[in-house]
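Subject: Structure handover, with notes on pockets and cavities

Hello,

Here is the structure for your files. My notes on what turned up in it follow below.

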Amino acid sequence: MKEKDTKQTPAASSENGGVRTQTVEHTTATEAPTSPPEVPQVERRNPNAPPVPPARERRKYKVSETPPPPPPPPKLNDYEPIIGKAAIDELHFLARHLRGKTVKMVNSTAVGGGVAEILNRLIPLMNELEVPTKWEVITGGNDFFEITKGFHNALHGGEYNVTKEILDLFQMYNEQNRQRMEFAEDLFVIHDPQPVGLIRSKRDRGRWVWRCHIDLSNPHAEVWNFLRPFVEQYDAAIFSSPAFTRQLAIPQYLFYPCIDPLSEKNKTMEETFVQKVCEDFGIDRTRPVLTQISRFDRLKDPVGVIQAYKLAKKYVDCQLVLAGGGATDDPEGAVVLAEVMEAAGDDPDVIILNLPPWSALEINALQQASNIVIQKSLKEGFGLTVTEALWKGKPTIAGAVGGIPTQVIHKLTGILVHSVEGCAYQIRYLLTHPEFAQQLGKNGHEHVKENFLMTTNVRRWLVLFQILLGVVKPARPS
Amino acid sequence: MATAQNLPQPASPLRWARAPFYFNSAAHLIRIGQQKATTLAELAEYLRTCPDASIFQHMFQTLQEHHYIREGFSNDFAHWAFAACNEIGLAERLAAVDVREYTSIKALRETLIGIVEEYLKKNPRTRERTAFEPFYFCASDTVVVPTPIVARNLAEFAEGLKQVSISGIHYHFIQARLRLKLNSNDFSVWLEQELDLGTLADRINRIDIYTSTLQDVRRQILKIIEKAL
């Protein structure tokens, strides 16, 4: 028997109105009754605003209450239909030069977050290539992770009150981890600032790389000045974009973030599943579908997307799907969701879905079902949702911020926009010029295939390791 | 009109080459440079001082990274002049620089500097105008990747060409000029020197890398060879 409970987004609680919101039916695998997850409460509303029209139609969709066990990681040969046999053979060749060398990668979490997601796929592939690679996770108390969260925000330019106590605590936890771990490998890759102090174990024989997944273009000066002496002891640093770097005394390399084409979020799906997801969410596939996949965050400008949709809809028929998470566990997310609901008004063609984090298959289906994918961010890291859309060959309209212009080359692999009006016009243009839209999608897919796939990153790691260990001398054309 | 001269020479698929052709590929790593241009004046300055590997990255390597796009501007400098500086005239002139005409980075660098300086002389107000986004100079570290694919005759060469990766096509057909210091490519040099197929070699060397994707280049070479077989 499966226990069921129903969770609704705030404005979906009464029976009338037009905006269609997600009503997720959770299922649990155990007999024991479970408490329904907290329903986010909307506290901040404009008292003068008209009441948000509630959902007219409830949709039911079963999503597991707990994350399902991850599928086994793919083998290298599983990628052959995507990148070709020659590219796989080249990976084997590059790895052969590293036989006998060992690698350790260290980060701060084994589950959740983009880094863990990447390492979950990268480590098995490196081991399959016979480059023994270990993954270790640092430990620390809540106080440590509060500090590292503060550092993370500060490195993105946020305010942070740095005290001697904080810096001492950070170093103390790094030192504890350093004492606990062994450092016998040939190569060490330390991800992000949390374990940066492990560099104190650097000895003559190993090579150390700091992989920074954060945008350091505008860091909090005190925090960066504290971290910088650690970073500059490494042999190299890796960034996700040239725009994210600082001036450093060590070589810096560019590794784009990547997606796994075989993951649940990106694999090719049965059309029947896509259709079922659309039916369950009330999406009419006989009419154009615009989609933005993002957590409910003002920096993703979901209200701007609704405004653009409304402007475009004066001329072209379409539906808008806003699907994301963050409204359940993040108080600000709930507020933003309420703003989104209000902006949507009673339009039945605006479908707002607040999905749990483990909805990869559903997100994949929504992207595949879309005629246009939008990512109208006002600020962005690299923007892997854009990568996912491009990979699926979808014409993509995106804000020209963060790492997005690296992926969306205007009018070639997608469309860059800077305003609601620009976004609205491009929606109209792409819906009325399907051949151009299709060409954008095709180019976007190829762009990802060449630059932003997991296998491309494996290749980059292998080359970097060879260079750092002096196994090969890179050719310098002249 | 076809003449005896421009018809491909008859070639035996099984005639042995004097030396085999070893297909290679290349793997690249992008190093992020210290230079960041925010104006055209800075672009001109850094074009003078950036490492050779940066010119290679932004003029040669970009042809592989964006090989599937044949619309728009063909190198990173031209694309930046257009997309970030809105200087279409400069973008067109930079895009017209054909790397096939250069066998050294030094000569290519001089051409690029000349184009930018001339443009700034004619359009002095554009000199210090801040670009929409900076140009980050990067550099390419290249590692050669040998493959097990070897050709000893034309039939094997065609078969090898079908198997080699896009990186391999770029390595032999585009990068080769800098290595050979010739206005040619590895495929044409081998066909001419080892199989005496000079006309075939010339026809392959004339394939336009700017209007063709690297997959198109592969297809066009195969078409030329298959016609000759």
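Ser167(B) sits in helix α7 of chain B, which covers residues 166-180. Helices here are DSSP runs of H or I with at least four residues, strands are runs of E with at least two, and both are numbered from the N terminus. Ser167(B) has a relative accessibility of 8% and therefore counts as buried (under 20% relative accessible area; exposed is over 50% and partly exposed lies in between, with a 1.4 Å probe and protein chains only). Beyond its neighbours within four places in sequence, Ser167(B) contacts Glu90(A) and Arg459(A) as well as Ser25(B), Ala26(B) and Gln64(B), contact being heavy atoms within 4.5 Å.

Please keep in mind that this is a predicted model, in which local features need pLDDT of at least 70 and side-chain atom pairs count only at pLDDT 80 or more, while totals for chains, interfaces and linings use all residues. Residues are numbered from 1 along each chain as its sequence is written, chains are lettered from A and ligands numbered from 1 in the order in which they are written, and side-chain values use heavy atoms, with hydrogens and water left out.

Second largest pocket

Ser167(B) is also one of the residues nearest the centre of the second largest pocket, along with Lys449(A), Glu450(A), His67(B) and Ile166(B); the lining has 38 residues. The search runs on a 1 Å grid over the protein atoms alone: a pocket is an open set of points with protein on both sides within 12 Å along at least five of seven lines, a cavity is a set where a 1.4 Å probe fits but cannot get out, and lining residues have an atom within 4 Å of a point. The volume of this pocket is about 840 Å³, that is, the space filled by probe spheres set on the points, which are joined across faces, edges and corners.

Both chains contribute: α1 (80-83), α2 (85-96), α14 (434-451) and α15 (454-469) of chain A, and β1 (21-37), α2 (52-65), α7 and α10 (214-228) of chain B, each give at least two lining residues. The largest share, seven residues, comes from α14(A). By type, the lining has 13 nonpolar, 15 polar and ten charged residues (Ala, Val, Leu, Ile, Met, Phe, Trp, Tyr, Cys and Pro are nonpolar; Asp, Glu, Lys and Arg are charged; the others, Gly among them, are polar).

Cavities

How many cavities of 30 Å³ or more does the whole structure hold? The search finds two. The largest cavity has about 60 Å³ of space, and its lining includes His191(A), Arg211(A), His213(A) and Trp461(A). Helices α3 and α15 of chain A each give two or more residues to that lining, which divides into five nonpolar, three polar and one charged.

The second largest cavity has about 40 Å³. Among its lining residues are Gln292(A), Arg295(A), Asp297(A) and Pro302(A), and β10 (289-293) and β11 (319-324) of chain A supply two or more each. The lining has five nonpolar, two polar and two charged residues.

Two buried residues in chain A

Ala116(A) lies in helix α3 (residues 114-128) and is buried at 1% relative accessibility. Setting aside residues up to four places away, Ala116(A) touches Asn107(A), Thr109(A), Ala110(A), Val111(A) and Trp135(A).

Thr148(A), in helix α4 (residues 142-155), is buried at 8%. Outside its sequence neighbours within four places, Thr148(A) contacts Phe170(A) and Gln194(A).

Regards
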